[in-house]
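Hello,

Here is the structure we talked about handing over. My notes on what was found follow below it.

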Amino acid sequence: MKTRAAVLREMQKPRPYGTSQPLSIEEVTLDPPGRGEVLVRIRAAGLCHSDLSTINGDRPRPLPMVLGHEAAGEVVEVGEGVDDLEAGDHVVFSFAPNCGTCAFCLSGEAALCQPGAAANTAGHLLGGGMRLRQNDETVYHHIGVSGFAEYAVASRRSLTRIDPELPFHIAALFGCAVLTGVGAVVHTGQLRLGQSVLVVGLGGVGLAAVLGALGGGARQVIAADIDADKLETARAMGATHVVNSGDEDAIEQVREISGGGVNLATEFAGVAPALEFAFECTRRGGTTVSSGLPHPDVRLSISPTRMVAEQRTLKGSYLGGHVPTLDVPEYIALYQAGRLPVDRLLTHRLTLDEINEGFERLACGQAIRQVIDL
Ligand SMILES: [Zn+2]
Ligand SMILES: [Zn+2]
C-alpha cells in the first residue's frame, strides 16, 4: 500500500527548518506485515527532541528514514503469529522493541533488549523486517516506529494495547515523554516519599519528570533550566521551586532550598554542563539520573573522589528503565484518575504538512509537546 510520510533524506540542514524543510512529505510504499508484525493506522504522533537530534545530526541514523518514535494508533491488520492483537485495538508504540527472550528481557530490563537495540541501530524492525521503500530505494524505520506517517508496520514487540477510551493525542505521549520522564524519577531514581528532587532541562520529558516527582510524593520538586519561560511553565505545573541554572550561584540556590542538596537529581537537557550541575546539586549519598542524550563525543567532568568519598550515584536511564507493556497501562490509569496530568504537556496540535514548522518551534524552545493528528 501507499502512505504519506515525513522522510528525512539529509541531516544537518540549516535552520530555520520552516525554510530548509529537512523533512519532506512523500508518498512511500509500505509492504504488508510479516511474521510477528502489525499494520497500524497512526492517529497521533509527538514531536520529540530525539527526532530533532537526528535532524541536526547529533544522533545519526541511516537515511532516508521516516522519522517519529512517539505515536499511537489503531491496529488494521496483524501478520502471521500475532494472536494477542486484532484489528480495531488501540496501541501505543515503544521505541525500544523488546524480544522477550534475551538475557536483558528475562531480567526485566526490556529497555536494554539486545536484538531490539541492534534492530534500532540498523533501522530495521525487530526480527529484521524492512517494510518501507520508495520504488527500488530502501527507506529505513526509525527505532521501530516511524510514526510520522499515515500508516506504519511495526513489530508486535514494539506495541502496547491500551484503553480505547483514551484519546490518541494523549495516548501518544505515553510512548516517549511520559515513560522517559516519569520513569527516570520513580523507576531508575527510585524516588521515596518525602524526598527532594531536582529536574534539570524542562522540555516535554523534563516536565513529565516534574509531574512524576509530584505524583510520586516528592517533598520538593526544584525545576531548573536556563530559559525563564520554561521555569514559569514548570511552576505552573506544580514545581515547588525554580532555579535558573544559568545563574552563577545556581548550585548554592539548590543547596539552600533543599537544605544541603537534593536526594535525587535528574537531567534531561542532553548537554554536559547540565548533567555536571545536576550531580553537584545532590547531597552526600545522593543519586543523579540522566536521560539526556548528547552527541556521542561528549565527555563529562565529574570528581571520582566526591563520588566515592560522598557515596554519590550516577545512573543512566533509557525509556525510564521500563517494561512498556507493564508500565504504560499503569501510567494511563494514573492519568485517568487525575494523578498524572500529562495532557498539560501538550502545547500544539499540527497536521503532517506542518511538521517542519513544528520542529523549528521545538528547536527554539517555543513548544513543550506538539502532536500531529493523523
Ligand atoms: Zn522521544
Ligand atoms: Zn530482548
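**Domain interface and zinc site**

In this predicted model, 13 residues of domain 1 are in contact with 14 residues of domain 2. The domain assignment places residues 2-175 + 341-373 in domain 1 and residues 181-318 in domain 2. Taken over C-alpha atoms, the centres of the two domains are 28 Å apart.

Between them, domain 1 and domain 2 bury about 1,300 Å², and 65% of that area is on carbon and sulfur atoms. On the domain 1 side, the residues that lose the most area to domain 2 are Arg344, Leu345 and Ile368, which together account for 35% of what that side buries.

Sorted by class, the side of domain 1 that touches domain 2 consists of seven nonpolar, two polar and four charged residues.

The other item is the metal site. Four SG atoms, from Cys99, Cys102, Cys105 and Cys113, coordinate the zinc ion (ligand 2) at 2.3 to 2.4 Å. Along the chain, these donors follow the spacing C-x2-C-x2-C-x7-C.

What is the geometry of the site of the zinc ion (ligand 2)? The site is tetrahedral, with angles of 102 to 117° among the four donor atoms. For reference, the ideal angle for four tetrahedral donors at a metal is 109.5 degrees.

Regards

Note on methods. Residues numbered from 1 in each chain as written. Chains lettered and ligands numbered in written order. Predicted model: local features only at pLDDT ≥ 70, side-chain atom pairs only at ≥ 80, totals over all residues. Heavy atoms only, no water. Domains from an automatic or database assignment. Contact = heavy atoms within 4.5 Å. Buried area = accessible area lost by both parts, 1.4 Å probe. Nonpolar A, V, L, I, M, F, W, Y, C, P; charged D, E, K, R; others polar. Donors = N, O, S within 2.8 Å, 3.2 Å for Na, K, Ca; no water. Tetrahedral: all angles 85-135°; square planar, octahedral: opposite > 155°, others 65-115°.
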